[in-house]
Structure formats: C-alpha cells, structure tokens
Amino acid sequence: MEKLADKDRERLRSLAGEQAEIASGDRMRGIYKDWERSGRFEKGARPMITVELWTFADEVIPQLMQCEGKRAREIEWKLLSNIVPAKMFADDTPVRSYWPVALHQEFIPYGLPVRKNAADGSEWVGAGYKFDTYFHDLEKDMALAGKSKWSFDLEGTQAEIDELDGVFGDMLPVLRAGESVSTSIALSIMERMSMEDLYMALYDTPELVHELFSRLIDDYCDYLDDMEARGLLLPTVGDEPLLEGSYCFTDSLPKTGKGLKASGVWGYMDAEEFNDVSPEMFKEFITDHYKKLAARFGAVSYGCCEAVHGFWDGGLDTLPNLRKVSVSAWCDQRFMGERLRGKNIVFLRKPTANFLGVQGELEEDAVRAYFRETAQAASGCGLEIVQRDVYLLHGNTRKVSRYVELIRKEMDGFWRP
C-alpha cells in the first residue's frame, strides 16, 4: 500500500469528518426515512429523486481536489463523490455514515475476458468503444465457450478495510457491506459476440443461442451456490447500491446476519441489447431463461435503457420476485403506470439526459412539462427518478440543483399516491 503523506492524510480525514457530519444531520436522516417509506411501499411515500454524478464527475470533482499522492487522490475522489450530491445537488442520494468496502471479486463469463477498445485509446468515461469479440459463427465458435470463472479476494478486501480504517475509521467506520448481485446475461453475450452476429444467430442457429444463455445462467447459479457456501452474501436492505442508480431499501429481506442465501438479497438483470426483437422472441430468449435466475433472489431489479413496455405483458411481468423495473426515456410511461399502479413494483423512471447534457442552460418550461407527464403517468405507483448518463454539463454545474428543484415541484404538484 502506498504510504500517505501527512498533508494528504489530514485532507482525507477532513473529508471523512465532513461526510460523517452530513450523514448525521437532520436533512439526511429525513432522506433515509423517506427512502425507508418508499422501500416498504408505504401509502403516500414521496417520489425519490437522484442524480448520478459519475458520468460528469470530471466537470465537478477535479477543481475540488487537494491531495497529491496517487492513492490519496483515489480516496479523495471517492470521498468528494460521496459529499458533492448533498452539497451541490440537494437530491436524495444517501450519504452514508460509514465507508462500505465491496468484496474484491471477478466473474468472467465463459472464461473469456472482455476485450474492449475505446475510441483513440481514450479513458474518458463517455468515450465510444467497441469489443473484440470471440463468437462469429456459433456452429464454428461454440467450442470457445467454456465454464465461467470466478474468484474472491478476501485478503485484498480485508487489506482495503484495514488501510482505510487506519486513515479515518475513527471518524467514518470502514466495513465490508452487503451489495446486490448483478447478472447482466445479455450484455455478457454481447461483449463476446457482435449484435449483428447475434441477431443473425437468432434466426440461423437459435438452439445454440439458447445454449449460450443456458450455460451462463447455470454458471451464475453455481456462482451463487459458491457465494452461499462461503458465507459471502450480506444483507441488502438499505443504502447499499442497486445497479442502475437505485438503492436496496426494503423491509422484505433479512436485515442482519452473515452468510445469507441468495433468496435473502437483491439481484439485478437487464437485456437492453434485445430491445429490437419481437415480444415473442424476447420471451423465448430472455424472459423464459431469466426466470430461473430471478427465482434465486429475494428481490429483483430489472432493466437499463430498454423500452420494457413492449415486453411486459406475458413476459417481464412474469419474472419472479420483481420489485423494481426501469422505465427508460424510450419507454411508454403511461402504459407502465397502468401496469404498475397499486403493485409493489417500483416505477424506476430514467429520464432523458438531454435537459442537462445537451446545452449549458436549462429549458425550464420543457423540464416542467416533461416531469409533469411522469408525475401523472406514475401516480399510484412507488416512484423513483434516477437521472443517469449526463456526461456533459458544459461548465454549468449549478443547473443540476435547479433541475432537481424543478422535478420536485412537478412531483409535489401533480404526482398522487
């Protein structure tokens, strides 16, 4: 581990103290209570609104950085990312009273590492990229698909805990916390087979595509068995991250204990890569396969950017343990409001990023109209609004808090429990 300079250590301790102070404040305690009400689908629980920072963090965080050492700057970036939403956006992003350390682990589908090339070698988070794939003609290439590989680095996990605990653990406790289990099956295939090749294979060799799905889902089930046997699954009932910008708040899963079964934690899955197939084909290749994996979890959050309304009736609505569903910018939100109204499935709205990301100033009337429609469509539903994929603020960081303010006003005025 890199030794931290005294000046850097003091900077990190100052930020850790600031995070602890925000976490213990009245406003954050109120936000947590509202998340808990939302998580139990309490009547009248208000819509929760969050803005994901990471895609445009390069416009916010660098000017706040003070540390000089490489490792110190990595920790400083994370601490600032924890604090900035509460200080600058005034959204509902939870600020934790602790520092969670995720289990160091690796899962390699089919035993084939991802080969990804970003445009011009760029490391910018918004840069375009492509995959160097393995599968082209499944009749010839299926032999490349081996058993998935996974590993757990318990020593590395504990080393990170010990390192950070020694820096600021007396102010901000450092611990191994629970985390949802991500199983993006379709994405894993698309990282190893181009969309063109895959879509042709759906027609030419559908039985081999089924085999790809079956093998990977069986591997994920074995992976879950291994995690259960090793006692690695911890509770996911609060501010633990749930993929796609949400959180795990719920009363329906175990709140305490170590070595839980997969049936006691949240799982995540999606299939946006199959957005353009027919509902019948989606059911055959996605829903019918995903049911086996969804049944393993205590609660499931589904969806990324796909327009789920076209695959809902008789398809996604049959997934076991479904508790959140993504209603993306391309989705018919009125249709989904009708389907989710009165059910214990969160209407997880992911609005267009255009208002924040395309130009420097907000078109406030357009923002109001857009979210008024969401408020009306999702009335009677448990509602979360997660702003993702912004990437650019064009130098105007102040507009984020105004954006959140406008959304709140529309929810207050037009959303009904």
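**Exercise 1. Decide whether Asp 34 counts as buried or exposed, and list what it touches.**

Step 1: Look at the accessibility. Asp 34 has 19% relative accessibility, so it counts as buried (buried is under 20% relative accessible area, exposed over 50%, partly exposed in between, with a 1.4 Å probe and protein chains only).

Step 2: Asp 34 sits in helix α2, residues 26-39 (helices are DSSP runs of H or I with at least four residues, strands are runs of E with at least two, and both are numbered from the N terminus).

Step 3: Find the contacts, meaning heavy atoms within 4.5 Å. Skipping residues up to four places away in sequence, Asp 34 touches Arg 46 and Met 48.

A word on the ground rules: this is a predicted model, where local features need pLDDT of at least 70 and side-chain atom pairs count only at pLDDT 80 or more, while totals for chains, interfaces and linings use all residues. Residues are numbered from 1 along each chain as its sequence is written, and side-chain values use heavy atoms, with hydrogens and water left out.

**Exercise 2. Work out which side of helix α5 is buried and what it packs against.**

Step 1: Check the helix. α5 (residues 154-168) has 15 residues and reaches 21 Å from first C-alpha to last, close to the 21 Å expected (the expected span is 1.5 Å times one less than the number of residues).

Step 2: Pick out the buried residues. In α5 they are Gly 156, Thr 157, Glu 160, Ile 161, Glu 163, Leu 164, Val 167 and Phe 168. They cover an arc of only 165 degrees around the axis, so they are on the same side of α5; the arc is that of the directions from the helix axis to the C-beta atoms. As a reminder, an α-helix has 3.6 residues a turn, so residues three or four places apart point the same way.

Step 3: Name the partners. The buried residues of α5 pack against α1 (6-24), α3 (70-89), β2 (99-101) and β7 (174-176).

**Exercise 3. Say where Asp 389 lies and how accessible it is.**

Step 1: Locate the residue. Asp 389 is in the loop between β15 and α13.

Step 2: Read the area. With a relative accessible area of 26%, Asp 389 is partly exposed.

Step 3: Look around. Leaving aside neighbours within four places in sequence, Asp 389 contacts Thr 55, Cys 305 and Ala 353. Asp 389 and Leu 15 are 374 residues apart in sequence and 26 Å apart in space, C-alpha to C-alpha.
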